[in-house]
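We will go from stop to stop, picking residues and looking at what surrounds them.

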Amino acid sequence: MKLVFAGTPEVAVPALDALLASGRHEVAAVVTRPDAPAGRGRRLVASPVAERAEEAGIEVLKPARPRDPGFLARLEEIAPDCCPVVAYGALLPRAALDIPARGWVNLHFSLLPAWRGAAPVQHAIMAGDEITGAATFLIEEGLDSGPVYGTVTEEIRPTDTSGDLLTRLAFAGAGLLAATMDGIEDGTLKAVPQPADGISLAPKVTVEDAHLDWNAPALRVDRVVRGCTPAPGAWTTFRGERLKIVQAAPVPDLTDLAPGQLSAGKNNVYVGTGSYAVELLWVQPQGKKPMRAADWARGVRIAAGETVGA
């Protein structure tokens, strides 16, 4: 088939690579978000998908909005058979959905209908799920509600951050998307409607969602830290300034600290929660780089009974 691939961040690159390497389909163009400011100088930088497409000599389309007439006209000129999508980052209007004969097929990082929305991996970790995965489905105008072509499953490991898990799913999902294109092309794969039950939503995780509640159980604190790493980053406050918690670990045997209470030894820093303590392993003070929690504690000289949080 002739394909137009839509995607933007680094997590979409393995899927593009898989399609380029398949040898069975032609990736005629790539659609991605416009260049965005990045770094200290805030200079405009192309998306990872745009950079990879340019390396491969593929036409790159960067519409400000997918409903822009110029973009729709160019898409009609290309006349793709199908448009595979991975984390493109913009809603597709009906006018765009109608152009490819076999539709737009999205690779979504959950086992639909669980965790429909922008942040499925983060929400799966924060909810304490043990299994997640990726699914390919035919895009319709509802939120991740289209019929499903295929899935792969992935275990959520006890120490997984959303970054760790998303990386694994990006590569597993890349193979799934390539296989889905093959199955659509040869007619062996049919999309199956999603069940009406088991639906859960995964909206974008905000900075406030990442604000740690030390009255919550240690397992909840651990899940929020892992689910919000690397972005937006779990955080608390210390002496009136924001302190990011980059890595932490539950300590079930330590139960004598009040919620938010700090205890610092030579090589360890602990915080009480609503159940047992968690050990802070890496933190990032406001305006500084991440550092080992023990080094941070020595620098600030934590006083007896001092706390984090409100």
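Start by selecting Arg-42, in the loop between β3 (36–38) and β4 (43–45); helices (H or I, at least four residues) and strands (E, at least two) are DSSP runs, numbered from the N terminus. Before you go on, note that this is a predicted model, in which local features need pLDDT of at least 70 and side-chain atom pairs count only at pLDDT 80 or more, while totals for chains, interfaces and linings use all residues. Residues are numbered from 1 along each chain as its sequence is written, and side-chain values use heavy atoms, with hydrogens and water left out.

**Two positive phi angles**

Most residues other than glycine have a negative phi, and most peptide bonds are trans. Arg-42 is not a glycine, yet its phi is positive, at about 55 degrees. Is Arg-42 buried or exposed? With 51% relative accessibility, Arg-42 counts as exposed; the cut-offs are under 20% relative accessible area for buried, over 50% for exposed, and partly exposed in between (1.4 Å probe, protein chains only).

Now select Asp-144, in the loop between β8 (131–138) and β9 (148–155). Asp-144 also has a positive phi, near 50 degrees, but Asp-144 is buried, with a relative accessible area of 12%.

Next, pick Ser-200 in the loop between α6 (162–186) and α7 (218–227). What does Ser-200 touch? Not counting residues up to four places away in sequence, Ser-200 touches Pro-113, Ala-114, Trp-115 and Arg-116, where contact means heavy atoms within 4.5 Å. Draw a distance from the side chain of Ser-200 to the backbone nitrogen of Trp-115: a polar atom of that side chain lies 2.8 Å from the nitrogen.

Move to Pro-113, in the loop between β7 (104–108) and α5 (120–126). The peptide bond joining Leu-112 and Pro-113 is cis, with omega about 15 degrees. For another cis bond, go to Ala-231 and Pro-232, where omega is near 0 degrees; Pro-232 sits in the loop between α7 and β10 (235–238).

**Helix α1**

Select residues 13–22, helix α1, and colour its buried residues: Val-13, Pro-14, Ala-15, Leu-16 and Leu-19. Their cover includes β1 (2–7), β2 (26–31), α2 (48–55), β6 (83–86) and α6. Just after α1, look for Gly-23, which has a positive phi of about 75 degrees.

**Helix α3**

Then select residues 69–78, helix α3, whose buried residues are Phe-71, Leu-72, Leu-75 and Ile-78. Turn the view to look down the axis of α3: these buried residues fall within an arc of 120 degrees, so they line one face of the helix. The arc is that of the directions from the helix axis to the C-beta atoms. On the other side of α3, you will find Pro-69, Gly-70, Glu-76 and Glu-77 exposed.

What do the buried residues of α3 pack against? Show β1, β2, β5 (59–61), α4 (94–97) and β7 to see these partners. Just after α3, Ala-79 takes a positive phi of about 55 degrees.

**Last stop: Ala-258**

Finish at Ala-258, in the loop between β11 (241–251) and β12 (262–264). Ala-258 is partly exposed, at 38% relative accessibility. Leaving out residues up to four places away in sequence, Ala-258 touches Gly-272 and Thr-273.

Notes:
A polar contact is a pair of N or O atoms within 3.5 Å; within protein, one must be able to donate a hydrogen and the other to accept it, and residues adjacent in sequence count only if both atoms are side-chain atoms.
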